[in-house]
Amino acid sequence: MPARQRGKPVVDLSQLNPRQKEAAKYVDGPLLVLAGAGSGKTSVITRKIAYLIGVCGIKSYHIAAVTFTNKAAREMKERVMSLVGKGGAKGLTVSTFHNLGLNIIRHELTTAGYKNGFSILDQDDCKGIIRDVMHREHGDDGDMIELVQNAISNLKNDLIAPDHAIKVASTPQELLIAQTYSVYQRMLKAYNAVDFDDLIMVPTVLFRDHPEVLTRWQKKIRYLLVDEYQDTNTSQYELVKLLVGHRTGLTVVGDDDQSIYAWRGARPENLSLLKKDFPTLKIVKLEQNYRSTGLILNAANRVIDNNPHEFEKKLWSDMGYGDPIKILKCRNDEVEAERIATEIVERRLRYGCGYRDFAVLYRGNHQSRVIEMKLQAYQVPYKLSGGQSFFGRNEIKDIMGYLRLLINPTDDAAFLRVINTPRREIGPTTIEKLGEYAAMRGISMMAATTEMGLEQQLMPKALDRLRRFGHWLEGITRNAYTDDPVAAVKEMISDIDYEGYLLQNSGTPNQAERRMKNVWFLVDSISKMISKAEELGDECTIEDAVSKLILRDMMEQQEKEDEADQVQLMTLHASKGLEFPHVYIMGMEEELMPHRNSIEADTIEEERRLMYVGITRAKRTLTLTYAGKRRQFGEAMDTTHSRFLDELPPDDIVWEGKTETSAEEQKQRGQETLSSLRNMLADF
DNA sequence: TCTTGGTCCTTTTTT
DNA sequence: AGGACCAAGA
């Protein structure tokens, strides 16, 4: 726009260093930005988007930025908005891969072979379907379900169709997997449903088979930016390649050292494949770190040096050396947690910082238990993030089941979840007969409830109950679509007296109340989503809202919690992309970090990257802890400290308790901490 | 149909 | 240690 002609830069790139500036301004061809941890890659992406809009004159409508998490997408969108204003970012796409895929399927619904009101199944639902299929087709005991589900996911990520999988299967097990995959996929189609992997695979296959559809999307998306590129899987990369085609509008940002999702199909080698697939690829490296102290960065570099590297890169920082890294050996897991808790209390006072400045990271979600207990004991507020905490809750799954059935009556998985919850006196026999009938007629179970022809199969009483349910839900559905959807949902919840059900089935009334609060929170999220969309002039139907919920895209919860002054508890995986002044990594033991499965599967390099991610989260101090004895399955087991601790530069480390500290000494150490704590409190 | 008690298994990471 | 699942009783 004219601003540029007046000689005033529309986009301010002055805060970027030369490398960053180069990456932001290079638009003549495909670009790979190798961005080390803390090197300001989000600044580069957001400013590049601003540059594309403000200087290159590309309409925001034609730009898409893709990330992996909702949180990252949200943050990116906010930062772009603050750069170019709300108006300037109008129509800009900033979303997760899965959301983009969902969008594409929505727009190309019939071509993709789906009907209106399809649902997205989460992993639990899919597992249920696979369990059914394997039970029915192979009489399987259920021991292989997880394995098969994983294998199917991998096949999908690699864009392998069921019949092809059957054709190339070379072992009985592979054949079993392929056959299950085939039936599973047919069932999804029958349910008019997709799973997470389909959200990527379906659009990709669609683009491949329908050039006219692809052309339409290529016209829409003229510049594509991909964040965390090392996390893309084959089908995601294929989607990117198809969308970009022979054009130049592609910037990808990634760091091979932070590839920690190979276990779910990510292909870090996509980074080097880029060079082959786009011969004119330009590479820019961002190596200055703006986050951590020199010692922390040095430690990270030393650890990751033990991995082979395709792209050489050396992170540096000019933020001073900082404090040495602490390693604490504790007697057992309880002492470990206690130590962390007391240290946080002490340091908060010493540094005068907030609880929010501390993060405790661990390998597996179950490890949060001990530290939670100790933080509670010291009355330290904390926020546990990640896990399936919210969506894994039964009350949420119940209500989500109703919602899914509302938008897609053919969703049998949802039907089965809710048909007798709360109790409607519809037992297994009735359900089984209904299922048989539905299968025979080739219709969904929901549709079968209100059909004539069931009379011969069922007792009149059972029949009546089924029909009542069917008609009732039909009514609610009508209301949800014609009336206020939120009111319809509320009506539904009160109709089934869900609150009463919870009261009856929760241990304590208190628990029931908490669960009900979760339900209202869910309803509230829907209502907020709809009103927010209206504000922006978008439409958000109940379907949109439910899909967003399934994809865990809920804005409000996050925002509220971000403001609270709480210690952050999360897995190492969940910590990627975040930073904290003071970081604790607990459980630095062989078999735990690196995890036993990774040792057995020989994927130590990925574990090392996980370690690297953890270390590079820290801005000021880093503390690594491990326990000499750890309770495992109820029994205290001796442990060995993690090999990664030996990879740290010894001179930059204070290792407490490495040489067998006697119980005596441990005790004394505890006393010291306690008395210093007391002094500190006295000062206040 | 709902409750109870016993047994067995668990713990990697997630859109 | 704790949760999930299943078999047997009220």
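## Salt bridges and a helix contact in a predicted model

Asp565, with a relative accessible area of 27%, counts as partly exposed (buried is under 20% relative accessible area, exposed over 50%, partly exposed in between; 1.4 Å probe, protein chains only). This is a predicted model, in which local features need pLDDT of at least 70 and side-chain atom pairs count only at pLDDT 80 or more, while totals for chains, interfaces and linings use all residues. Residues are numbered from 1 along each chain as its sequence is written, and side-chain values use heavy atoms, without hydrogens and water.

The whole structure holds 42 salt bridges, each a side-chain nitrogen of Lys or Arg within 4 Å of a carboxyl oxygen of Asp or Glu.

| Asp305 | Lys314 | 3.6 Å |

Glu228 sits in the loop between strand 6 (223-226) and helix 12, and Lys41 in helix 3 (residues 41-54), so their pair ties together parts 187 residues apart in sequence (helices, H or I, at least four residues, and strands, E, at least two, are DSSP runs numbered from the N terminus). Both Glu228 and Lys41 are buried. Arg356 is partly exposed, at 40% relative accessible area. Salt bridges with shared partners join Lys41, Asp227, Glu228, Asp231 and Lys576 into one network.

The structure has 0 disulfides (cysteine sulfur pairs within 2.5 Å). Cys126 is buried at 4% relative accessible area, and Cys540 is buried at 12%.

How values were computed. Chains lettered and ligands numbered in written order.
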